[in-house]
Amino acid sequence: MREATRSADEAGMFAAGVRLGLDHLKLGMWLFLASEVMFFGGLISAFMHFKVNNPSPESSLLDVVLVGLNTFVLLTSSLTVVLGLAAIQRGDRRGLIGYLTATILLGTAFLVGQGNEFATLYRHGITLSSSLFGSSFFTLTGFHGLHVLVGICWALSTLVKALRAGYSQGSYLGVEVFGLYWHFVDIVWIILFTLIYLI
Amino acid sequence: MSMSTEAVTPGRGWRRYFTWNTDHKVIGVQYLVTTFCFFLIGGLLAMLVRAELAQPGPDFLNGTEFNRFLTNHGSVMLFLWIIPVLAGFGNYLVPLMIGARDMAFPNMNALSFWLIPPAGLIMLASFFVGAAEAGWTAYAPLSIQTPVGQTLWAVSVIILGTSSLLGAVNFVTTVFTMRAEGMTFWRLPLFVWGMLATSLLVLLATPVLTAGLVLIAMDRMAGTLFFSASNGGDPILWQNMFWFYSHPAVYIMVLPAMGIVSEVYPVFSRKPIFGYKAIAMSSMAISILGLTVWAHHMFTSGMDPRLRIPYMISSMIIAVPTGIKIFSWLATIWDGKIRFTTPMLFALGFISMFLIGGITGIFLAAIPIDVHVHDTYFVVAHLHFVLFGGSVSAVYAGLYYWFPKITGRMYDERLGKVHFVANFVGTNLTYLPMFLAGLLGMPRRVSDYSPEFTTLNLLATLGAFLLGTSALPFIYNAVVSWVSGPKAAANPWRALTLEWQTDSPPPAENFHQPPVVNSGPYDYGQPMGVSGQAQAVPAVGD
């Protein structure tokens, strides 16, 4: 169905992928995400190394309830991406626009929540250079926050394209690929929330 | 140099090599020429280091200057030459070899290349502000205490890692989705298998180095404490993150090289490759096993001694897939109708010198030997036999082998042989004495040494200058042949892989009509061989 809307030329170029059921854009995104898993794997390893070997009393200052609420906000944004994709697959362009807007708002709310958490910790004297906990906590959650920020920018550009009628019932690959990235960023947060706040 | 070699591409403007061009062939040439310039810079730095080491005692570099030259020699050679030059071959060849018109993401491909020159300039510009001096391994805590050049170094390596990552995404996607009709996975040329295995490693290992470099940069700029031992930080953490990438990086630097020689042996032996699937799968095995061996670099770091044995075993197991390749290559040339052309000579040089590097690698994986020779010249000799005797020989083999395809002109065979002999003698003269010096206990990375090592060091220095000089006949040959060499046929080597079944140089979008493949890449002496593939492209020269 999607191939129908692309030029026959391009379908011919990627014939081997079509035979395997692989879309080259989605495959490229999955490969990039595999490398992102390893990037966060490196940062998480560093964090866990210090958490296990240099336990810090400062970690008790973390507000599990407030961050739990923030986690709920971010997870909801994944739901809105799925609903947006389902909407455009039905041909409901207004639905896509609405759900993308919701995603952007929820993502922004998450970043505001994270900023608030950082500010509170700073007031308690926990900074990047105050202790190993501060170093590894802010680096790890900060890089995740940066990924959310990139995701919001990407969502904005997807929204602009949706407003210009760039997607339709037969052509929604851009939404799908954005969704892969956004869900990945959410999954990383689930792991970070568990490792940093719950255990 | 780059100007003059590029100015003469027949029939088409040289200016396109200085632009954002999305043709994979242009990008491939951009990679090859740019990285060769960095190779010359890295070589010059090496000759300065060797000149200082020709005699004991300080001659003309003080300790800090020596460390800076040495650090940048290693960093330029690894991050700006050997890794990207192989990606350059991949860019030029992978789409041609699988019968595609271009890479899957042409703009991202151009980006991969255009990240390299600025990253190289950042690394070299650090000489003006106090260049990196913590070695190419940038061990903490030294690397968080040295001048600001070390920050530039980290930024440069992060950019180069990103370039390499984008390239890997592109290669894997291209091979999976853009193969020509009939080009099944078991008909992929072995160079393409090498690029696949390498790209897998780049995707999984490079991001961990990036994470480690981010932590170094944070320690240096944002005041974090990750590697600062005096504040409870852990320098060994850096070693783990660094080697998690940098050991697999050795395979990133050698698997495509093995792919290149796997193309050369069957063509110049006129025989089907021996053990095609074994060679292809051993590349994948090396990739996967390669991710499990990194701590063999850290046997003396104070790591948990119980972990040393598993790392020793996994490191030694790598010898099995490597041995499979070497025996398959030997069986390929065995009883063949061998033509000793320059690419074949370099490929044979590869096998002999890589073998020395590989076997001494097994020595180093053995804990008792490693503890004895750790951080001596034995290690330096080992890695240079792998990377110079091995990878660089294969790169030269590839440059000569595909020169007629890329330029449409023939190189001078006599000059090529002069280059080979000088290179082969130079390599062995430089690095063999280092094994001896290392076994006798000479530490590496020090600008001075005890007088008993003088003879060995003088030999190594003479070898290094011979090596440096040996690049001259190559450069002359490449430039003059590109300008005025005899026109090359489409398929001067009578090879069967797809890149030879189109014009030299190939037209835009590579093939006059989409190729259809109905035989393997090395089916020499089999009736379906040439006719099967040539059917797809009627305009075969030769």
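**Exercise 1.** Work out which kinds of element chain A has, and in what order they run.

*Solution.* Next, count by kind: chain A has eight helices and zero strands. The model is a predicted one.

**Exercise 2.** Compare the reach of helix α7 of chain A with its expected span.

*Solution.* Helix α7 of chain A covers residues 132–163, which is 32 residues. The expected span is 1.5 Å times one less than the number of residues. At 1.5 Å a residue, 46 Å is expected for α7(A). From its first C-alpha to its last, the helix reaches 46 Å, close to that value. Then look just after α7(A): Ala165(A) has a positive phi of about 60 degrees.

**Exercise 3.** Describe the side of chain A that touches chain B.

*Solution.* First, the residues in contact: 28 in chain A and 32 in chain B. Second, the elements: α3 (15–20), α4 (24–53) and α7 of chain A each supply at least two residues to this side. The most comes from α4(A), with 15 residues. Third, the composition: this side of chain A has 16 nonpolar residues, eleven polar and one charged.

**Exercise 4.** Find the box that the C-alpha atoms of chain A fill, and the share of its residues that are buried.

*Solution.* Taken along the principal axes, the box is roughly 60 × 35 × 25 Å. Chain A has 199 residues, of which 37% are buried.

Methods. Residues numbered from 1 in each chain as written. Chains lettered and ligands numbered in written order. Predicted model: local features only at pLDDT ≥ 70, side-chain atom pairs only at ≥ 80, totals over all residues. Helix = DSSP H or I, 4+ residues; strand = E, 2+ residues; numbered from the N terminus. Contact = placed C-beta atoms within 7 Å. Nonpolar A, V, L, I, M, F, W, Y, C, P; charged D, E, K, R; others polar. Buried ≥ 20, exposed ≤ 12 C-beta atoms within 10 Å, placed from the backbone.
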